[in-house]
Amino acid sequence: MTAGLRELKKRQTRQMISDTATRLFMERGFEAVTIAEIATAAQVAKMTVTNYFPRKEDLALDYHETITTALARTVEDRPTGESALTALRRAYLAAVERHDPVVGFSSPEFARMLADSPTLTARLRELHDQREEALADALTTATAATPDDPTPRAAAALLTAAHRTLFHHVQTLTRAGHPTEEIATAATRSAEKVFDLLEPSLGDYAVR
């Protein structure tokens, strides 16, 4: 088997395990399902599950790495002349257009599973905090701020809070059963309001 085929097989196995776990979580609740039950349903060894997913929470939140890095990467990749706020607004609206799970799009069943699980709710808070830390580091680099300058961390806190608020807004609408396109329209409208609130203070911050 070539290296490319091995890598493809690993990705397929990882996705299959995640899909199996998510199905069980939505059927029975996150806390009620064990790693051993997931392994049995996926027809793999328990160690295989833990090798791919060291934390049970990440079986449900399989996109955790994207959550924590997306905002920082957007700032790092912004074009010349664009501020951090403008870049993040643009990226968020694009994510809404493609119904990206990272900004909260999911099935109603998945959204209810997240809301009903204290463990997953805590994990989401942790991921939001890690995302804020990564964004603060990116803004520090982007503005060449000194270690004693609190501005990048304050800006990161505001920008991350905006995304967290919009994520919960999408999830609330999803749990209520609104159609996806209706949620996308509402999320776009809410995003413009939220980012407009930040414009006076951060509109010219971290322009590349």
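UniProt positions are given in the numbering used here, and annotations may be inferred rather than shown by experiment. With that in mind, the unreviewed UniProt entry lists residues 11-71 as "domain: HTH tetR-type". The model itself is predicted.

Start with the whole chain. The secondary structure comes to 10 helices and zero strands. Read along the sequence, the pattern is α-α-α-α-α-α-α-α-α-α. The C-alpha atoms fill a box of roughly 55 × 40 × 30 Å along the principal axes. Of the 208 residues, 43% are buried. Take the contacts with a separation of 6 or more: 74% of them join residues 24 or more positions apart.

The surface comes next. The accessible area of the chain is about 10,800 Å², and carbon and sulfur atoms hold 55% of that area. There are 25 positive and 29 negative side chains. The centres of these two sets lie 5 Å apart.

Now return to the annotated stretch. Residues 11-71 are 74% helix and 0% strand. The end C-alpha atoms of this stretch are 25 Å apart. Residues 34-53 are 75% helix and 0% strand, with end C-alpha atoms 13 Å apart.

Helix 1 covers residues 3-28. Its 26 residues should span 38 Å at 1.5 Å a residue, and its end C-alpha atoms are 38 Å apart, so the two values agree. The buried residues of helix 1 are Thr-13, Ile-17, Ser-18, Thr-20, Ala-21, Thr-22, Leu-24 and Phe-25. An α-helix has 3.6 residues a turn, so residues three or four places apart point the same way. Just after helix 1 comes Gly-29, with a positive phi of about 100°.

Helix 8 spans residues 118-143. It has 26 residues and reaches 38 Å from its first C-alpha to its last, close to the 38 Å expected. Its buried residues include the leucines Leu-120, Leu-124, Leu-127, Leu-135 and Leu-139. Arg-123, His-128, Arg-131 and Glu-132 are also among the buried residues of helix 8. What covers the buried residues here includes helix 4 (57-60), helix 5 (64-76), helix 6 (84-97), helix 7 (108-116) and helix 9 (151-175). Ala-144 follows helix 8 and has a positive phi, near 55°.

Look next at the loop between helix 7 and helix 8, where Ser-117 lies. Is Ser-117 buried or exposed? Buried means under 20% relative accessible area. Ser-117 has 2% relative accessibility, so it counts as buried. Beyond its neighbours within four places in sequence, Ser-117 is in contact with Phe-30 and Glu-31.

Finish in helix 9, with Leu-166. Leu-166 also counts as buried, because its relative accessibility is 2%. Which residues does Leu-166 touch, not counting residues up to four places away in sequence? They are Tyr-92, Val-103, Ser-190, Ala-191, Val-194 and Phe-195. Val-103 and Leu-166 are 63 residues apart along the chain, yet their C-alpha atoms are separated by 7.4 Å.

Key: Residues are numbered from 1 along each chain as its sequence is written. This is a predicted model: local features need pLDDT of at least 70, side-chain atom pairs count only at pLDDT 80 or more; totals for chains, interfaces and linings use all residues. Side-chain values use heavy atoms; hydrogens and water are left out. Helices (H or I, at least four residues) and strands (E, at least two) are DSSP runs, numbered from the N terminus. The expected span of a helix is 1.5 Å times one less than its number of residues. Buried means under 20% relative accessible area, exposed over 50%, partly exposed in between (1.4 Å probe, protein chains only). Contact means heavy atoms within 4.5 Å. Accessible areas come from the Shrake-Rupley method with a 1.4 Å probe; for residues, only the protein chains shown count as cover. Lys and Arg count as positive and Asp and Glu as negative; His and the chain ends are not counted. The place of a charge is taken as NZ of Lys, CZ of Arg, CG of Asp or CD of Glu.
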